[in-house]
Amino acid sequence: MIKAINDKSFQSEVDSSDIAVVVDFWAPWCGPCKMLAPVMEQLDKEYAGKIKFVKVDIDKNPEISSKYNISSIPTIMVFKNNVVEDKLVGFSPKKVLGDKLKKYV
C-alpha cells in the first residue's frame with residue numbers, strides 16, 4: 001500500500017530521498033483519483049526499491065498543496081534530488097505513467 005504523507009512528513013519523505021519519489025496529490029471525493037489509485041499501486045510494486053511512491057490528501061494538507069500550486073487533481077509529481085522533474089495532471093493509464101517513470105530508475 002502506498003504511504004500517505006502529510007505537510008509535516010513531506011520533507012523527510014520526499015526531499016531527503018536518494019531515489020526518485022512519485023507524489024500522488026489526491027482527495028477521497030475525486031473520481032479520477034479513485035481510478036488512478038490501483039494504477040499507482042501496481043507501479044509501486046513494479047518499481048519497488050527503485051522509485052518511491054507516496055500520496056498526499058490535498059484536503060488534509062493545504063500547506064504542501066499550496067506550495068506546489070495543486071489546482072487540479074489527480075496531480076502526479078516526480079521529485080528527484082529535491083527537484084520537481086515531472087508533473088502530470090489528470091488520469092493517465094498505466095502504460096503512460098510507466099513509460100514516463102522509466103527514465104527515473
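## Contacts around Asp86

Contact here means that heavy atoms lie within 4.5 Å of one another. In this predicted model, and leaving aside its neighbours within four places in sequence, Asp86 is in contact with Ile76, Met77, Val78, Lys100, Lys103 and Tyr104. Asp86 itself belongs to strand 5, and its side chain makes a polar contact of 3.4 Å with the side chain of Tyr104. Because buried means under 20% relative accessible area, Asp86, with a value of 12%, counts as buried.

The strands form an open sheet of five, in the order 1-3-2-4-5 and with mixed pairing. At its edges are strand 1 (3-4) and strand 5 (83-89), each of which pairs on one side only.

Strand 4 has antiparallel pairings with both strand 2, through five bridges, and strand 5, over six bridges. In the hairpin of strand 4 and strand 5, two residues lie between the strands, and Asn81 takes a positive phi near 55°. Strand 4 is mostly covered, since five of its six residues are buried.

## Helices on the sheet

Helix 2, spanning residues 31-46, lies across strand 2, strand 3 and strand 4, and runs at about 160° to strand 2. Helix 4 (residues 94-101) also packs on the sheet, where it touches strand 2, strand 3, strand 4 and strand 5, and its direction makes about 165° with that of strand 5.

Within helix 2 lies Gln42, a residue that counts as partly exposed at 39% relative accessibility. Although Gln42 and Gly98 are 56 residues apart along the chain, their C-alpha atoms are separated by 9.9 Å.

## Nonpolar cores

The largest nonpolar core holds 18 residues, and the members that touch the most others are Phe10, Val14, Val23, Phe25 and Tyr68. At least two residues of this core come from each of helix 1 (10-15), strand 2 (20-26), strand 3 (51-57) and strand 4 (75-80). Strand 2 contributes the most, with three residues. Apart from this core lies another, made up of 16 residues that include Tyr47, Ile51, Phe53 and Leu97.

Phe25 gives a detailed view of the packing. Leaving aside its neighbours within four places in sequence, Phe25 is in contact with Phe10, Val56, Ile58, Ile64, Ser65, Tyr68, Ile70, Ile73, Pro74, Thr75 and Met77.

Methods
Residues numbered from 1 in each chain as written. Predicted model: local features only at pLDDT ≥ 70, side-chain atom pairs only at ≥ 80, totals over all residues. Heavy atoms only, no water. Core = buried A, V, L, I, M, F, W, Y, C linked by side-chain atoms within 4.5 Å. Buried < 20%, exposed > 50% of the residue type's maximum accessible area, 1.4 Å probe, protein only. Helix = DSSP H or I, 4+ residues; strand = E, 2+ residues; numbered from the N terminus. Pairing = 2+ DSSP bridges. Axes fitted to C-alpha atoms, helices over the stretch in contact; angles between N-to-C directions. Polar contact = N/O pair within 3.5 Å; in protein donor to acceptor, adjacent residues only side chain to side chain.
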